[in-house]
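Colleague: I have a protein chain on the screen and would like to go through it with you. Could we begin with the overall picture and then turn to details?

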Amino acid sequence: MQNDWLDIGDFCIPLALKWRTLIHDWSPALLKFYLNAFQMTLPDQSNLVRWGKGTEKTCYICGKAVGTAKHLLVGCKVLLDSGQYSRRHDRVLEIIRFVREGTRAIKSNVKPYSILKAASDWTIMMDTYEKQYKIPEDICASASRPDIFLYSRILKRVVMIELTVPWETNIPKDHAIKVNKYYELTNELTRNRFVVDLYAVEIGMI
């Protein structure tokens with residue numbers, strides 16, 4: 001079970017833990033949670049039964065699946081239907097910042113290429129649990145909604161960003177699912193003579 005993390009391979013950028021982070025930024029409780037999560041030794045119901053400290057290993061929320069940390073954090077249908085996972089997803093999505101019109105970005109010595117500089121008519125739409133958008137019909141008549149949808153009519157270009165916050169060992173599988181999910185939308189946009197960039201981004205739950 002603990003070796004499951006080896007299956008991630010090259011799909012993840014490892015967390016850059018530094019002594020400064022551990023000493024000044026992380027609380028003892030956060031560090032303890034992080035280390036136990038990677039060792040699969042969190043005191044979830046399944047482990048408590050295994051350690052002889054509990055008698056019921058069924059999830060106390062849904063009452064159906066085994067109450068592992070993985071189930072509670074990413075797999076409980078009751079939590080999914082109540083929007084708990086979606087709200088966590090949206091909080092991660094909110095970290096992505098765009099510079100508002102009339103304001104300046106923080107200067108950097110690194111000047112990467114950006115397609116956003118090639119046109120001034122970019123429109124950005126973001127899909128959240130509480131507010132959904134609709135792709136303009138003149139661009140594509142589709143009910144699909146990636147988390148972030150940017151388009152420029154001048155460039156005839158679309159940038160789609162789809163965020164997932166999965167259990168770390170599910171990252172390779174979930175990446176493939178999200179890429180395939182927008183396959184038809186990508187083809188439809190291409191038929192409408194738009195250049196499409198799709199970025200499926202996974203940020204591990206832990």
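This is a predicted model: local features need pLDDT of at least 70, side-chain atom pairs count only at pLDDT 80 or more; totals for chains, interfaces and linings use all residues.

Colleague: How many helices and strands does the protein chain have?

Modeller: There are eight helices and four strands in the protein chain. Along the sequence, their order is α-α-α-α-α-α-β-β-β-α-α-β.

Colleague: And what percentage of the residues count as buried?

Modeller: The buried share is 34% of the 206 residues. The chain exposes about 14200 Å², and 55% of that area comes from carbon and sulfur atoms.

Colleague: What share of the contacts join residues at least 24 apart?

Modeller: Taking contacts between residues at least 6 apart in sequence, 56% join residues at least 24 apart.

Colleague: Let us turn to helix α8. Which of its residues are buried?

Modeller: Helix α8 spans residues 183-191, and its buried residues are Leu-185, Thr-186 and Leu-189. These lie on the same side of α8, because they cover an arc of only 100° around the axis.

Colleague: Which residues are exposed on the other side of α8?

Modeller: Those are Tyr-183, Glu-184 and Arg-191.

Colleague: What do the buried residues of α8 pack against?

Modeller: They pack against three strands: β2 (148-152), β3 (157-164) and β4 (195-202). Just after the helix, Arg-193 has a positive phi of about 70°.

Colleague: Now the surface. Which residues make the nonpolar patch?

Modeller: Tyr-60, Ile-61 and Val-78 form a nonpolar surface patch of about 290 Å². Ile-61 sits in the loop between α3 (45-50) and α4 (69-75).

Colleague: Why does Ile-61 count as partly exposed?

Modeller: Its relative accessibility is 31%, and the partly exposed class lies between the 20% limit for buried and the 50% limit for exposed.

Colleague: Last topic: Ser-152. Is it buried or exposed?

Modeller: Ser-152 is buried, since its relative accessible area is 0%. This residue belongs to strand β2, one of the strands against which the buried residues of α8 pack.

Colleague: Which side chain is joined to that of Ser-152 by a polar contact?

Modeller: The partner is Asp-121, at 2.6 Å.

Note on methods
Residues are numbered from 1 along each chain as its sequence is written. Side-chain values use heavy atoms; hydrogens and water are left out. Helices (H or I, at least four residues) and strands (E, at least two) are DSSP runs, numbered from the N terminus. Buried means under 20% relative accessible area, exposed over 50%, partly exposed in between (1.4 Å probe, protein chains only). Contact means heavy atoms within 4.5 Å. Accessible areas come from the Shrake-Rupley method with a 1.4 Å probe; for residues, only the protein chains shown count as cover. The arc is that of the directions from the helix axis to the C-beta atoms. Patches are made of residues with over 30% relative accessible area and no salt bridge: like charges are joined within 9 Å, nonpolar side chains (Val, Leu, Ile, Met, Phe, Trp, Tyr) within 5 Å. A salt bridge is a side-chain nitrogen of Lys or Arg within 4 Å of a carboxyl oxygen of Asp or Glu. A polar contact is a pair of N or O atoms within 3.5 Å; within protein, one must be able to donate a hydrogen and the other to accept it, and residues adjacent in sequence count only if both atoms are side-chain atoms.
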